[in-house]
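This report describes one protein chain for a reader who has not seen it before. It starts with a single residue and then turns to a helix and to the chain as a whole.

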Amino acid sequence: MDNPLISVIVPIYNVEEYLNRCVESIVNQTYQNLEIILVDDGSPDNCPQMCDGWASKDNRIKVIHKENGGLSDARNAGLDIATGEYIAFVDSDDLVSYTFIEDLLNAILTTKSDLSACDVESFIDDTDVNLSEDAVGKVATYTSEQALSQLIMGRGFRAVAWNKLYHSSLLKGECFEFGKLHEDEFFTYRILDKCKQLAFISVPLYKYRQREGSIMSVKSDRHLDMLEAGLQRLELLKNKYPELYSQDKITFCIGCLNCYSQAVQGNFENSEAAKKKIKMFRKEIHFSLSEFSDLSLKDKYYVFASHPSLAWISSRIRH
């Protein structure tokens, strides 16, 4: 097997309770030719010292100390110095199986793919997480269109940066949107579109921590960034993947419904302003319920099971 250098970028902010366990899961990978980039994003706790401590113990670890700029800015800082032929992202409160890198790399090399991804397992604090997964024989290949279809439906190749291994050429000229809450929503679809072939491992090699107080559990007007990203994705799909465009319009309208529902309940910092902005986004896309007929039976079931009140979109926020 080839032995390319792989850069693993870890953005870090206010996670001293979780950082050591995260870094341990990376340092102890079965694949050892790593460049581990710990990006201290101006963390106010003991994370800066903990990063330096790790660097003193492992010469594969590089540390960046920078002023706080948010998750996108931290990842971009890591990308700026990454020298690996392949690149992975791991969030600093999550864990990865010990074969995470080896299995993702094997999937790329054996299938001659541009990118590989794995399944994800969510866990809560104090859960005993299995980091010794068996991924043998669990690899399938996809076209970019198939991967984007999965992303749209929230399965497999999800709109997250961190369950994937990227050839570095895919990331040239790319960056994470600064100041956006749903930064991955702006990023991942563009990368999948660049790929000729992708590999997916149907084993949860990435362990996603769900915790109170994380950025994604705090409601704010910035959640509407997701809708802005959705419009940008629709623009790409409209020109290149017309069938996916029809599919994604439904996903976008579901997003409008969810956000509007939260605004009606007063869960935004300025709910009236949020409702107006959601209506503005919704008017950008023409959609009628008859378009459900284009979905497969399986996808129709998924949509209606998850969002039985989808019809409310057209009657409530269209005008």
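Asn14 is partly exposed, with a relative accessible area of 42%. That value lies between the limits of 20% and 50%, so Asn14 counts as neither buried nor exposed. The model is predicted. Asn14 sits in the loop that runs between β1 (6–12) and α1 (16–27). Its phi is near 55 degrees, which is a positive value in a residue other than glycine.

Lys112 also has a positive phi, of about 55 degrees, and is not a glycine. Lys112 lies in the loop between α4 (100–111) and β6 (115–124), and its positive phi comes just after α4. Lys112 counts as exposed because its relative accessibility of 72% is over 50%.

| Residue | Phi | Relative accessible area |
|---|---|---|
| Asn14 | near 55 degrees | 42% |
| Lys112 | about 55 degrees | 72% |

An α-helix has 3.6 residues a turn, so residues three or four places apart point the same way.

The chain as a whole has 11 helices and 9 strands. Of its 319 residues, 54% are buried. Among contacts between residues at least 6 apart in sequence, 81% join residues at least 24 apart. The chain exposes about 14,500 Å², and carbon and sulfur atoms supply 48% of that area.

Terms used. Residues numbered from 1 in each chain as written. Predicted model: local features only at pLDDT ≥ 70, side-chain atom pairs only at ≥ 80, totals over all residues. Heavy atoms only, no water. Helix = DSSP H or I, 4+ residues; strand = E, 2+ residues; numbered from the N terminus. Buried < 20%, exposed > 50% of the residue type's maximum accessible area, 1.4 Å probe, protein only. Contact = heavy atoms within 4.5 Å. Areas by Shrake-Rupley, 256 points an atom, 1.4 Å probe, with all protein chains shown as cover.
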